[in-house]
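Please look over the sequence and the structure before reading on.

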Amino acid sequence: MNIILLNSKRGHSRTFSLPRFLPLIALGVLVALPVLVGVGAYWISYRVAPPSYTDAVAERFQENLRAQADEVVELKRLSEEQIRALTLKLADAQARLTRLDALGERLVDVAGIDSDEFDFGAELAVGGPEPAESSAFTPPSFMAELDALTNTLERREQQLNILEDLLADRHLENETFLAGRPIVQGWMSSRFGRRTDPFSGKLAWHEGVDFAGKDGSDIVATAAGVVTYAGKRSGYGRLVEINHGNGISTRYGHAKDVLVKVGDIVRTGDVVARMGSSGRSTGPHVHYEVLKNGRQVNPHPYIYRARR
């Protein structure tokens with residue numbers, strides 16, 4: 001194969017002779033080059049930088065999916081157990097609320113309170129402005145039911161606490177209500193007011209009421225209160241004095257034995273002393289006084305009025 005080169009300026013020409021196998025070499029290069037490029041690209045793609053998705057990757061995805069499916073099943077099981085537990089608790093709370101309402105109605109009836117004031121069968125009157133709309137998450141219905149039940153129980157508890165306070169106040173008022181005689185057995189031997197003094201024979205003012213009885217018999221408190229004096233006092237012999245509140249006090253004189261001490265809390269009917277004849281006395285009896293704001297008053301209205 002010859003190649004002829006022409007020089008247009010000088011008019012000369014030159015001839016080159018090429019080997020006969022050179023075209024074959026060129027053809028081979030042209031054919032082999034794309035093949036080598038393709039092989040190189042494959043090697044780079046699959047060896048140096050393998051693809052992101054392979055069989056191993058797919059297997060890992062499958063394992064993750066199976067693990068997540070197992071977690072979903074377990075979460076579903078736990079959720080169902082929790083819902084069953086909450087359902088049982090809700091039923092128990094509703095049963096307790098029913099019993100609480102019944103107890104409240106019974107207490108209202110026993111206490112003699114107007115049922116309109118403590119109506120345990122009706123919802124409490126509530127209100128307020130309409131709240132602004134919110135896109136917040138709305139809890140499931142059973143959670144709302146539990147919240148409502150909790151609020152109802154709190155309201156019932158408040159009602160019962162108020163009712164308990166009212167009953168306690170009423171009970172305390174009844175306990176401190178002064179009434180009755182300071183003895184269990186015996187008779188009235190001297191009234192309140194002007195009388196003949198048994199020692200001097202002269203007219204004198206008797207500031208209490210005397211109840212005679214058997215020596216050593218019980219002397220009882222005519223109302224609940226706090227013992228403010230327990231011991232000997234001139235003229236009274238052995239004396240017990242009880243403060244009942246609201247300015248009312250009582251005295252029990254001439255006792256044989258005093259059974260209480262200062263600071264003791266006594267209830268209506270508690271035995272505070274034994275009947276005797278200590279002090280200025282002619283025989284076993286109890287000298288009973290009622291004091292209002294520190295001054296003796298006639299005990300007869302208190303002795304004869306009915307207990308609450």
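A residue is called buried when its relative accessible area is under 20%, and exposed when that area is over 50%. The model described here is predicted. Arg251 has a relative accessible area of 12% and is therefore buried.

**Whole protein**

The protein has 308 residues, and 26% of them count as buried. Its secondary structure consists of 4 helices and 14 strands. The accessible surface comes to about 21,500 Å², with 56% belonging to carbon and sulfur atoms. Among contacts with a separation of 6 or more, 61% are between residues 24 or more positions apart.

The side chain of His244 reaches the backbone oxygen of Ala224 at 2.8 Å.

What does the side chain of Arg251 join in a polar contact? The partner is the side chain of Glu241, at 3.1 Å. Glu241 is also one of the residues that Arg251 touches when those up to four places away in sequence are not counted. Arg233, Tyr236, Leu239 and Val240 are on that list too, as are His287, Tyr288, Glu289, Leu291 and Gln296.

Technical notes:
Residues are numbered from 1 along each chain as its sequence is written. This is a predicted model: local features need pLDDT of at least 70, side-chain atom pairs count only at pLDDT 80 or more; totals for chains, interfaces and linings use all residues. Side-chain values use heavy atoms; hydrogens and water are left out. Buried means under 20% relative accessible area, exposed over 50%, partly exposed in between (1.4 Å probe, protein chains only). A polar contact is a pair of N or O atoms within 3.5 Å; within protein, one must be able to donate a hydrogen and the other to accept it, and residues adjacent in sequence count only if both atoms are side-chain atoms. Contact means heavy atoms within 4.5 Å. Helices (H or I, at least four residues) and strands (E, at least two) are DSSP runs, numbered from the N terminus. Accessible areas come from the Shrake-Rupley method with a 1.4 Å probe; for residues, only the protein chains shown count as cover.
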